[in-house]
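Hello,

Here is the structure I promised to pass on. Have a look at it first, and then read my notes below.

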Amino acid sequence: MAGFVAVSAMLATALALVATAHLVHRAVSGVSCPVVAGPFESGLRPTVHAASRYHARWYTVTLLFLAFDVEMLFMYPWAVVVRSAGVGSIVEMFLFLGVLMAGVVYAWREGAFRWA
Amino acid sequence: MGLSDVLARWATSRPHTLLVASPGTTATRLAVERWCRGRGAVLAASPNDADVLAVTEPADGVLASAVEELWRQMPDPRAQVRLAAGDDVECRLDQAVAELMTWRPETPPTREDEWVAGRADDEADGHDMSNMAGMDHDAHGAHDMGGTEMPGGLQMADRADDRDGLTLDAVPVALGPVLSCWPTGLVVDVVLQGDLVQQATVRPFDVSVVEDDTWPHHPAAARLDRAADLLALLGWAAVADEARDVRDLLLTSPDDESIGPRTDRVGRRVRRSHVVRSALTGLAVMAGSDARARLISWLSDDDFPIAPAASLEDIVALMVGRDLADARLVMASLPPDLSTLAPRRSMSGGHGA
Amino acid sequence: MTIATWPVWAVIPLAVVLCLAAGLAAVLDAAVAPTRGSQPSTPVAETARLLRQTRRTTPAPDALLWRIGTAGPLVTALLMAVVIPLGDHVPARMEIGLVWFNALDVLLWAFWWMAGWGPNSILALVGGYRFLAQALAYELPLMFALTAPAAAASSLDVSVIVGAQSELWYVVQMPVAFVVFLGCLLGFTLWGPFAAPLAADIAGGVGTEPTGIDRLLLLAGRYALLVVGSAMAVALFLGGGAGPWLPAWLWSVVKTLAVLVPLLAIRTRVPLLRADRYMAVAWTVVIPAVLLQVLVVSIVAVAGGNGGS
């Protein structure tokens with residue numbers, strides 16, 4: 001756990017660094033309150049808020065990604081023990097990955113990766 | 001204090017310049033680029049990244065209000081320069097940079113809310129710029145929304161059907177009049193769902209176009225200029241810069257022997273690039289040529305016109321159904337000839353436009 | 001070599017050194033990837049300019065998320081640096097150092113998106129979502145590429161992985177993982193071909209709206225991530241500080257520069273890749289390639305190949 005002490009120290013340092021940077025900037029630029037100005041829309045004023053429900057057309061890829069991302073939970077411990085666990089663990093892991101890749105190929109054929 | 005002076009000197013050694021070049025003012029635009037090159041300055045893409053706002057006269061019509069809004073959006077320290085045709089561009093810009101160098105923070109700060117100030121100015125002018133777009137939701141709506149004024153006076157995006165059968169937020173966005181690698185003064189109102197363009201309409205063009213005497217005499221340089229813009233939009237900075245260098249060489253010393261080989265090299269790189277091929281093939285097909293074919297012809301010795309004659313409506317119709325990046329590439333690969341558009345005055349013409 | 005830890009207070013000078021290294025990376029960038037108007041003194045001029053530039057905000061921004069988003073990349077780089085050995089010292093030995101690195105680069109998803117969402121500007125929002133699309137493409141190859149050295153060294157501790165390369169550097173044993181790691185590093189630092197979220201066609205995208213110190217932190221964070229990512233590549237694949245004649249920390253620095261400079265040089269020389277064009281390639285070509293690499297590495301490990309634990 002000693003590692004996490006250093007990590008907390010670095011987090012504190014990083015936040016202090018960011019705060020110091022803000023203070024230095026405030027001292028140099030002399031303004032404490034930022035000016036409110038329109039967002040850049042080619043020189044015209046926007047008519048609606050940009051904050052909207054953005055149509056992420058690649059949402060099918062996110063579902064695939066979720067499956068693989070959960071699979072990483074197994075991959076990291078597997079990497080640590082593969083040498084001692086032997087060929088059996090390799091076969092098991094790659095069978096599992098093969099099943100997932102079959103899903104990827106299916107999704108590819110179904111056009112999940114084409115959204116433009 | 002010595003420290004502020006040192007900081008100011010370093011800070012202004014690389015001024016970021018936002019250039020608003022009225023259509024047709026090519027000579028002034030090239031002079032500003034030359035100044036940037038010599039000074040080590042850089043052209044900015046947005047006002048938040050800019051120190052100097054360089055505007056070539058006459059920026060009228062929609063450009064006038066755009067320049068005002070851009071000026072409001074620029075953070076301090078800032079300087080503005082209006083460049084007329086015969087001006088000594090280098091001198092005026094150097095003066096602007098000197099202004100930047102002498103800027104010191106003001107206490108108390110004089111600029112607080114430029115957004116509200118801009119809205120007040122618009123209302124004082126007697127019309128809303130959003131009227132021009134013919135959009136349903138504009139600032140008027142804020143007043144009769146049952147008393148709940150949304151922050152900033154803006155509405156939330158309304159919903160509309162999209163091609164996947166969903167009902168999603170549709171955000172109206174204006175492309176132009178001041179956007180990098182975009183014909184200055186042209187405004188195309190698009191409705192975005194995500195980054196997909198669902199509708200695109202051109203606003204009536206109301207900027208006066210100056211008689212351009214640079215490009216008609218140097219067609220090869222004009223082609224390289226268009227190619228450089230398209231390559232910059234593709235994100236290929238090295239090749240775009242090389243194209244601009246060759247363009248400048250064509251304008252200053254057209255008999256230089258390195259022009260031919262350099263142009264060939266650029267053309268070869270573009271032809272061989274898989275990324276450019278996948279980005280531009282089949283895009284903006286007009287009169288039988290697509291964007292990639294046109295780009296390659298611009299980088300070769302062909303003497304054909306830059307782009308097939310097409311009306312703005314046709315060009316903009318090609319944008320619909322494409323995503324924003326493709327829409328930008330469409331406009332860059334079919335550069336419209338703005339001088340043929342009769343500069344019709346807007347309905348609000350005469351209000352200091 | 002055995003890797004010792006520094007005392008806890010050493011993180012403070014490490015943070016300062018990393019910020020200076022980010023500045024050095026900016027100088028090298030101006031030197032090897034020149035655009036019109038850039039020269040080696042550019043980073044100093046830009047820092048001075050951004051310190052003098054006043055801050056501005058937009059109407060109705062998501063202020064908290066925006067500030068977090070712009071400062072996030074730099075903080076992430078500093079936290080990543082905690083587990084990376086410099087020579088034969090490391091700030092923190094974590095048994096799961098590799099997973100820590102991975103978790104932090106996943107945090108970057110949030111930070112870059114927040115930088116796009118926060119300012120309530122449509123061009124920035126498009127940039128933020130462009131980043132998410134490209135993140136979906138590079139993240140899995142990155143995770144699998146990180147698994148390869150872990151499998152070879154049978155440990156998730158970066159210091160142990162460095163030590164396990166005493167006979168043969170992993171870049172020789174697993175070149176595909178090395179190349180994929182570098183590619184994914186470009187992906188999460190929005191560099192070179194993966195700079196679509198910051199592209200010119202959306203007027204700078206995520207970089208449109210920040211001014212002053214926010215902009216400085218964002219740009220400095222990008223350089224810091226490149227430095228830290230290169231250092232990680234050195235630790236995982238290039239044997240860390242191992243080498244003759246020079247002290248170990250100097251070898252680390254030299255190797256990091258050897259990885260960093262070519263990455264910096266890529267920026268202007270390649271056009272932008274668009275996520276909708278290469279997503280299929282990433283999932284159907286790159287992932288199987290990396291998985292094959294991991295298979296080979298694990299078979300070698302089980303067969304009693306080099307590397308210890």
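A network of salt bridges (a side-chain nitrogen of Lys or Arg within 4 Å of a carboxyl oxygen of Asp or Glu) links B:Arg29, B:Glu33, B:Asp225, B:Arg226, B:Asp229, B:Asp241, B:Arg244, B:Arg247 and B:Asp248. Please keep in mind that this is a predicted model, where local features need pLDDT of at least 70, side-chain atom pairs count only at pLDDT 80 or more, and totals for chains, interfaces and linings use all residues. Residues are numbered from 1 along each chain as its sequence is written, chains are lettered from A and ligands numbered from 1 in the order in which they are written, and side-chain values use heavy atoms, with hydrogens and water left out.

Over all chains, the structure holds 39 salt bridges. One of them joins the side chains of B:Asp49 and C:Arg215, at 3.4 Å from N to O. Buried means under 20% relative accessible area, exposed over 50%, and partly exposed in between (1.4 Å probe, protein chains only). B:Asp49 is buried, at 12%, and C:Arg215 is buried too, at 11%.

B:Asp326 also forms a salt bridge with C:Arg277, with the closest N and O atoms 3.9 Å apart. This pair crosses between chains B and C. Here B:Asp326 is buried, with a relative accessible area of 3%, whereas C:Arg277 is partly exposed at 30%.

Within chain C, the side chains of C:Glu209 and C:Arg56 meet in a salt bridge of 2.8 Å, N to O. The two residues are 153 residues apart, and both are buried.

Enjoy exploring!

Methods:
Helices (H or I, at least four residues) and strands (E, at least two) are DSSP runs, numbered from the N terminus.
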